[in-house]
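Take a moment to turn the model around before reading on.

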2 protein chains.
Amino acid sequence: MSAQYHTVTPSDLNALTISIFKRMGCSDEDAILASDVLQSADLRGIDSHGVARLSGYVRLWSADRINTQAKPSIIHETHTTATLDGDGGLGLTNAAKAMDIAIAKAKEHGSGWVAIQNSNHFGIAAYHAMKALEHNMIGMALTNASPLVAPTFSKERLLGTNPICYAIPAGSKQPLVIDMATSAAANGKLEIAKRKGEDIPSGWLQDKQGTNTNNPEDLKNGGSLLTLGSSKEMGSHKGYGLSAFVDIFSGVLSGANYGPWVPPFVSFLPLAPDMPGKGIGHFVGAMRVDGFRPIEDFKTNMDQWIERFKSSETVDGQKEVIIPGEPEARIHADRLKTGIPLIDAVYQDLQQICRDLDLEFTL
Amino acid sequence: MSAQYHTVTPSDLNALTISIFKRMGCSDEDAILASDVLQSADLRGIDSHGVARLSGYVRLWSADRINTQAKPSIIHETHTTATLDGDGGLGLTNAAKAMDIAIAKAKEHGSGWVAIQNSNHFGIAAYHAMKALEHNMIGMALTNASPLVAPTFSKERLLGTNPICYAIPAGSKQPLVIDMATSAAANGKLEIAKRKGEDIPSGWLQDKQGTNTNNPEDLKNGGSLLTLGSSKEMGSHKGYGLSAFVDIFSGVLSGANYGPWVPPFVSFLPLAPDMPGKGIGHFVGAMRVDGFRPIEDFKTNMDQWIERFKSSETVDGQKEVIIPGEPEARIHADRLKTGIPLIDAVYQDLQQICRDLDLEFTL
């Protein structure tokens, strides 16, 4: 049973998404920016973070949990650090604006780092980190997220899938982009298994008793995703440590919420009582490569790094070693030409949003 | 069969280690610093990175691969970034000095980041990152290392166990210290299994054909350690991505070697031909917490973070959830009082070093 796809042009999808964000109250500028972030996920093949999420944002806005007319402001700063109060706005726009601040600081002082509080889901991490590339900088983006992941030895969901992203420029090669959840598997993989009625492999999920399970439905029955490493013996404490680092940089350093207090993405779940901070948190940064060495020398070595790894001898049955970010760059180039395939459920979701917001459906 | 231990006082061990480094040609200041780094590993229970490594440093020095009279110098910098040429010296001292530079930059501008080229093994990452803590800063330390790890789908050793370390201050609680290899298991775990004649679990090592193996001897027979995640299905591409990030920050950004060209720790292995950089590379950094928010607010929230995770409900059979860095802090407090237990092989190694260098063995 294969899903039915509706292939749409990037510009048509973008126009519709912009009109939806505007109808939600966003300024023209914010609607264009938010749409650009979603679009970049759809173009890069990270479909879980593209327009598939739009209905979630609409519901959070309907529940008064997203302020679409937010005016983010810097509430604390030094030459190279800042905290941005996102004013309860879209993470999509808050993180992108924070990255512009980080890049401006890096231009002047070599590096720039911005923690963001009082924000919401920021979309695909790579969009924000990759803004650094055109400035010949290395970009970084972190965010905490709805608690779904248990630390090693715990039964409780205390962490999000808390992604880490680094974008690193190269010369004639594609930039190297690492964009990864710190859980063994992202929630999207469970969703796919559920849709297909399939089991999931051991090592992704534990049930509410803390026992490894192959049933993807156990997540909603009180289970928890496992951290990268899956078991203590295979290093799950390392995935837990990485997720903790992301949570602390995003949540504690910014004055946002952290751990089990991070507001859920789904609007039907209540907020936790006694929240210690404001909204969800992100952390972004940029460093000038030529703060360390001439950019051309760096790019020459990066191209050599990529060539050497790419030409590495593979294990039997695998045709190539993959450079981080390479599959996404390929899909991006492809979808720019051939369009973005939306699964039917997402297509219908967009139709429903348009009906609800009294907008013409133009796809 | 349990190993025989010789328990020594920290001050006696330190005195001997200092005298060995001095006999190798280090200045008083460098000998004291290098010994302090090794000692911190032994005190924290990271025995693989303490005096157990001393004979390795001595052999590298004998083979003219470590310059014990190095004069490291800054060869490139901005307000918040710098590259340090380690002059072929001990990584132990180069990384610690680089961290001092990063801290000084952070004091003035909010953050400081130093890439180090032309260096050697830097010991325990946590020593360097934790230097930030007394300044109410967050510290970071990365290093690349001898190639022993294969990227996902590769048969080749292209990466080191490339550790990531973050040290984060807390209030009344111990600082949170993440210090982890980006491989599923560090080499030390294989050494322990070999010594005991035991198999290792699947997921740590592949043989030279790229097939998972339970025989720890397969590493020296052309096999490779696996990245954190162990298999593609469990996220080994994430461990690979993290290891790549460490290699690029440490090696490419600094102008050191990277990937398969990183000089081996063991002196009997030849250097790779056509090395693209100088020595091995590190990357360290510091950020002022009060560059983002008042330190007391941050510490209050960190204490709450730690308390909440610590009091989390455990899975059956586990008595507590562990905070990153907590076991090491416990061992540190303990060994300060009761001494450092050296296994007989390490004790004899130290005796041999003293004979070779015509030094009195004072333990």
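In the predicted model, helix α3 (residues 54-62) of chain B has B:L54, B:Y57, B:V58 and B:L60 as buried residues. These four sit on the same side of α3(B), because they cover an arc of only 165 degrees around the axis. What lies over the buried residues of α3(B)? The cover includes α1 (10-23), α2 (28-44) and α10 (344-356) of chain B.

Among the buried residues of α2(B) are B:D30, B:A34, B:L38 and B:R44. They pack against α1, α3, α4 (91-109), α5 (125-130), α9 (326-338) and β12 (340-343) of chain B.

|---|---|---|

Now to the strands. Chain B has an open sheet of seven strands in the order β2-β3-β4-β11-β5-β7-β8, with mixed pairing. Which strands form its edges? They are β2 (73-77) and β8 (176-180) of chain B, and each pairs on one side only. On average, neighbouring strands of this sheet are turned by 15 degrees against each other, direction ignored.

Within the sheet, strand β4 (residues 111-119) of chain B pairs with strand β11 (residues 280-288) of chain B in the antiparallel sense, over seven bridges. One pair to look for is B:S119 with its bridge partner B:I280 in β11(B). Helix α7 (residues 236-252) of chain B packs on the sheet and touches β4, β5 (137-143), β7 and β11 of chain B. The direction of this helix makes about 95 degrees with that of β11(B).

A helix from the other chain is found here too: α7(A) lies across β7 (164-168) and β8 of chain B, running at about 135 degrees to β8(B).

## Where the two chains meet

How many residues does each chain bring to the contact? There are 67 residues from chain A and 67 residues from chain B. On the side of chain A that touches chain B, the elements that each supply at least two residues are β3 (81-85), β4 (111-119), β6 (164-168), β7 (176-180), α7 (236-252), β11 (280-288) and α8 (295-310) of chain A. The largest share, seven residues, comes from α8(A). By type, the residues on this side of chain A divide into 33 nonpolar, 25 polar and nine charged.

## One residue in chain A

To finish, look at A:I74, which lies in strand β2 (residues 73-77) of chain A. Is A:I74 buried or exposed? It counts as exposed, because it has 12 C-beta neighbours inside 10 Å. Not counting residues up to four places away in sequence, A:I74 touches A:A82 and A:L84. The C-alpha atoms of A:I74 and A:V114 are separated by 9.3 Å, while the two residues are 40 residues apart along the chain.

Key: Residues numbered from 1 in each chain as written. Chains lettered and ligands numbered in written order. Predicted model: local features only at pLDDT ≥ 70, side-chain atom pairs only at ≥ 80, totals over all residues. Contact = placed C-beta atoms within 7 Å. Nonpolar A, V, L, I, M, F, W, Y, C, P; charged D, E, K, R; others polar. Buried ≥ 20, exposed ≤ 12 C-beta atoms within 10 Å, placed from the backbone. Arc of directions from axis to C-beta. Pairing = 2+ DSSP bridges. Axes fitted to C-alpha atoms, helices over the stretch in contact; angles between N-to-C directions.
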